[in-house]
Structure formats: structure tokens, C-alpha cells
Amino acid sequence: MGMPQRTHTAGASAAAVEHRHLEALVEGQGRVLEMITRGMPLADILVMIARWVEAQSESGLVASLHLLDPEGRHLLRGAAPSLPDAYNDAIHGLAIGPRAGSCGTAAYTKETVIVEDIAHDPLWMEYRDLALPHGLRACWSTPLIGSDGGVLGTFAMYYRHPRLPTEDDRQIIRLVSRTAILAIEHQQAEEERERLRASEQRALLQAEAERRRLHDILMEAPAVIAVMRGPEHVYELANPLYMRAIGRGREVLGKPIREALPELAGQGIYELLDRVYASGETHEGKEVPVRLDRAGNGTLEDVYFNFVYQPSRDESGVMDGILVHAVDVTDLVRARQQAQESEERFRTLADNMSQFAWMADETGFIFWYNQRWYDYTGTTLDEMKGWGWQKVHHPDHVARVVAKISACFQSGTPWEDTFPLRGKDGRYRWFLSRAIPIRDASGRVMRWFGTNTDVTEQRRLEQQKDDFISIASHELKTPVTSAKAYAQLLALRFQKAGDARSADLLGKMDGQLNKLTKLIADLLDETKIEGGKFKLQPSTFDYGALVADIVEEVQRTATRHTLVCELAPSISVTGDRERIGQVLTNLLTNAVKYSPRADRVVVRTAPGEGEIITSVRDFGLGIAKEKQGKVFDRFFRIEGKEHETYPGLGLGLYISAEIVRRHHGRIWVESEEGQGSIFAFALPLPATPEE
Ligand code: ADP
């Protein structure tokens, strides 16, 4: 396309016109620029530009500005206030290309496209039917190229007659294009700034939301949490558990710790926080006691915490605070202290008691002895644990002791035994030992608790007493026997002399001597049993006859009672006739003695399974249940007003039981206090007594 050069007329008036023209042009540009800086919307500015251009022309110029879509493929409506709407609508969205009218081609080629006559120009081939009906004949379009080289849009000038641009026209085109580019780029920069502001705002909101979330987490965390800011440790956050820990209702937020919790002065807490803040190093504390005025009345409570002081930093890594994360372990510490104290108390008790004490597991494996045990035996737990204790037992006793205690461990019954134990000096002392099973709630044995009590001294005294009794009864026996003989002799003489009164008195004396003889006999029997010298003299005899003899003999002295006999047919028994008679005598005399208000005693013999059972029933004082097990013990006598009015040593039943035991029989009592008693013994048939 040829471009004819415009010839300048040198005339003064033409120059003046041109000058005014230029002035108006520049002034219009100034207004547009002003609007741009004021932030007028781009659409309005583009309209303003179009109108400004159109105002410069007297030859029916129509201006049109298009924007290019973000993909750079289609033209979009910019501003063409003087073009008909129908035309503008048709052009909106036009795809750019090498033959797409003036604007579509200019945007595509990035070159100014001058179409002198739309009716004949091939670029308009497809679009001319759009333009011609609106009276548009010439169209010059310039691509608006941004500072980065990209096409922003197009600026076009239409004429109603075929026409080519003059130099003036080109100048206008350049000026307008630059202005339009400025407006569009300014708008784009604004949009970009707006986008940035929006995303910055979003980021801020997000950060704020995150902060809130963290705050909520800290507030609801099941731990004692506080956040302190700055070198003065000003409380920024204290969660409910923290508040509970320091005492509800205290005001700490916004205060430095030295002001908020003044009672901590001198406890090293402030200094610790200072150090963490200064060093930036995390500090962990375990079971640290803190004294807090929780009630706010000046009384300090000990509270124990496990805690972490975690320094926190701002975005630029500068220390700005401390996160306190703590767990109140007071209960735990207290419980442990209590357990320690109670353990301490137990040790003090166990190690200072006069007895030895020990504990075994459910199988009897001993795992603990008190200090006394080690002091006495000179051993260690290592030597003693389990069944090691046998080392300090006497060889003559150990088998018996092991058998008995094993049986108890197995059956879960309390254990009692007496045996010698060797001390570290090699000497033996005697110990009375007991163990009881400790059971759980379901009754299962969990462990055994045992003691050993030194009874050496008691045994020595017992021995002395036994020796004394033995000697005394022995020495008494002969003079009493002689006294009895003399008394009988004298009684005979008085009778012959007719002195009945004196003879009667001597008869009473004989009765007392009989009692004395019986006491001495019992004492002698007791010392014989204790000394292992108690011997039986067995024979086979008629049991019925023995019972009849004894009943008759006792009946003679028992004047107030009738001895009622219910006897089985007689039977032959092998045993010590004298001793068995002694048992029955004992039971009968007791029955009479302990039933002062009754008038009869029932004696029964009855055959049992392989044995003969003899029972003596009285209707007297009876024996309380808890005492019944003891009446066969040596020297046992029931205490109480009524029982004690009757003389006795508490040996009769002891000796009787021993006699029955030696015959491999059984002896027992059934009684109800206040209702009377039945004492009975069974002798095996045929009785085979010990030699
Ligand atoms: P004692 O010589 O004291 O009678 P025993 O060994 O014969 O000694 O009896 C022991 C104790 O048992 C007695 O002291 C008495 O308290 C009690 N006792 C024995 N037999 C009877 C009985 N038939 N009724 C009530 N108590 C009895």
C-alpha cells in the first residue's frame, strides 16, 4: 500500500491552525492521563479516548478500540461509541488472523494495517458485508503493543470514504496508541496490585485462623499451658488447667510473672524463665515442687509439676516468648511419698521387733527376712531365699520341720512349730514359729507371713519347773504314803478303844491324804510324760468288769450323784488296765465335780466301728465352745467363779488324753455352756497299745 507524503504548506494561518490542533490534541491527552491517575475505570477511559480522537477530526472520523482476550486469540469490546451497536456486537469476539479485517489482522501481525477501501481490500473479504451497510469504507488499525511486547488490543480509525492517512493522521495514531497503551497497562497493573492485595489479605486471614486454632488447641489441651511474651514473661495465654493449677480466679493475663505470681519469689522459677529466654534453650523439669498461693490467702501449697519451658521465636527467628507446658503430678508424687513412708514404717517395725519375721510367696518360697534374722543367723538373703533356711536348722529337727511346714503351705492352713535355730556363734536357741497365709479378695493365698520367737528362756524355766515338780512329787510320795499308813493304823486303834469320834476324824484325814496322793500321782505322771518315761503295762482284760469296778469306786465318794450306767455287753480289751481305769475315773470325778447342782451322771459304753466308745455325761457347768479345744492341754483350767471353786491342777484331762493317745484311741468333748458336757473316748479293738 503506497503512502503519499503530506506536503506542508508554509502559510502562517495553516501553521496557526496546526498549532491549535496540536494544542487541543495534547490537552485531550492531558485529560485522559488525569483520569487514568484518578483511577477511572478502563472502559470509561477508552470511551474518553475515542471521543477525544473523534473531536480532532472534521472529516467524519470514527474511533474504535478493542482489547485482546487473555489468550491473545480474540478481539473484545473496548470502546467505539460512534459505531452502531449492531456492528460492535458483530465484531465482539472476532478471531484474529492474517486476513481478519483491519483490527484482527493488525493484532495478529503486530503491524499497523491501513485499508484504504474496505469494499475492495482482500483483508476485508469476509467482513465487508458487515461494514459497508453501516457506511464504513476506510479503516486503519494499529496494534497496541505493551511494554513486554505483547499485543494488548487495537486502535482503529474508520472513515466513510476511501482514504489513506496523512502524516498528521499517523502522528495522531501514535499519540493515541501510546495513551491507550498507558491506560490499559495502568489498568492491568491496578488489577495485579488488587490481586496481590487480595491474596495478601487471604494469607493474613489464614494466619489469623491458624493462630485461633492454635489458641483453641492450647486452651483445650489436657495439660497446664501458658504462653509468656518478652523478657518480662508477660502472660499472653493461660489455659483453664493452668488457671486451676495456680488457683482459679487469679488475674494473670497481660501481667509479667513477677507481678502475677509474686509468691514464686525465691523459688528459682523466675530465674529459670530468664535463663530460657536468654539462652533460647528448652528446659525440662521433673517433679519440680512449686509453692503456690492457690487460695489467695497467703498460705503456700506444694504442687509438683513435670514441665517444659519451650522458647518461641517470631517469623524472623528472634526470641519473643516462652511456651509453658506442664502436668500436675502432685497426686503421683504424694502417693509415692506415702508409699515410701509406709514402706519405711514397715521396715522400721519389721527390723526393730524382737521377733524374726519373714515373707514367702504362695508356694512357700521365702523372699524376705527382717534384719533381726540376718543379725542372729549371720546369713544373707542370697543364702536364705527360697528354702535356704534349712541351713540354720538343727539336723535332728530339720526333716520334721520341712515336712510340717510343706504340708501347711500346700493346704493353706496356719503353721506353728518349735525348733532350734543356729546363731552365727554356732549355738542353737529355741524358737516358737508361726506363719499365716495372706489371702486376696477371692481367698487365694498370695503370700505367707511368718515369725520366729525366741523361747529358749521360757523353755529353760519350764524345764526348771518340770524338774522341781518331778523332784518334789517324788520326795512327797513316800512321806504321804507313810502318813496314810499311820493314819489307818491309828484309826484302827481308836476303833478298838471305842473312841468313835477320833476314828471318824482320822477317816476324814485319810480322805484328804487320798486327795493329796492323787495330786502327787498326777504330778508324777505329768513329769513322766514330759520326760518320756511314761510307760504302759498292757494286758488283755474284761472291759465291762473294769467299768463296773471304777463306777462303784467313784460312787462311794460321790454322795450327791447317782452314776447311771448304760453299758454294752462286756468285751475284751488289750491295754493298760490301770491307766484306762484312770481315764474313766478322771472323767467321772470331773463330771461329779463340775455339776454341783445336778444329781446324776450317765456312763455309757457302746461298740463303734472297730472300737469301743465310752462316754460320761453330766448336767453341770458345761464348757464354752472356745475353751473346748484347750481342756486337754497341760495345766489348763477354765477361769471363772464357778470353775475355780474346785481344786485341781489342770492335769487330769492332759494325762487322760496322753493315755488314750498311747492306746491309739481318740478322746473328745461335746458341751454347751450351762448345759453340761459329754466327755468320751474310743479305744480301738483289739487295742494294741504302745509298749
Ligand atoms: P482339773 O484337775 O482342774 O479338773 P482337768 O484336766 O481334769 O483338771 O480339767 C481341766 C479343766 O477342764 C478343769 O479345770 C475344768 O475347768 C474343765 N472341766 C473338766 N471336766 C469338766 C466337766 N465335766 N464340766 C465342766 N468343766 C470341766
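The protein is divided into domain 1 (15–192), domain 2 (221–334), domain 3 (361–454), domain 4 (460–531) and domain 5 (539–684), with bounds taken from an automatic or database domain assignment. Taken over C-alpha atoms, the centres of domain 1 and domain 4 are 161 Å apart. Please keep in mind that this is a predicted model, where local features need pLDDT of at least 70, side-chain atom pairs count only at pLDDT 80 or more, and totals for chains, interfaces and linings use all residues. Residues are numbered from 1 along each chain as its sequence is written, and side-chain values use heavy atoms, with hydrogens and water left out.

**Around the ligand**

- The ligand is surrounded by 19 residues, each having a heavy atom within 4 Å of it; the closest are Asn590, Tyr594, Asp618, Arg637 and Leu653.
- An N or O atom in the side chain of Tyr594 lies 2.9 Å from a ligand oxygen atom, a polar contact (a pair of N or O atoms within 3.5 Å).
- Polar backbone atoms also take part: one of Ile638 is 3.3 Å from a ligand oxygen atom, and one of Gly652 is 3.3 Å from a ligand oxygen atom.
- The ligand taken alone exposes 530 Å², and the protein buries 97% of that (Shrake-Rupley method, 1.4 Å probe).

**Cysteines**

- The disulfide count is 0, a disulfide being a pair of cysteine sulfur atoms within 2.5 Å.
- Cys103 is in no disulfide, and the nearest cysteine sulfur, that of Cys139, is 4.9 Å away.

Conventions
Polar contact = N/O pair within 3.5 Å; in protein donor to acceptor, adjacent residues only side chain to side chain.
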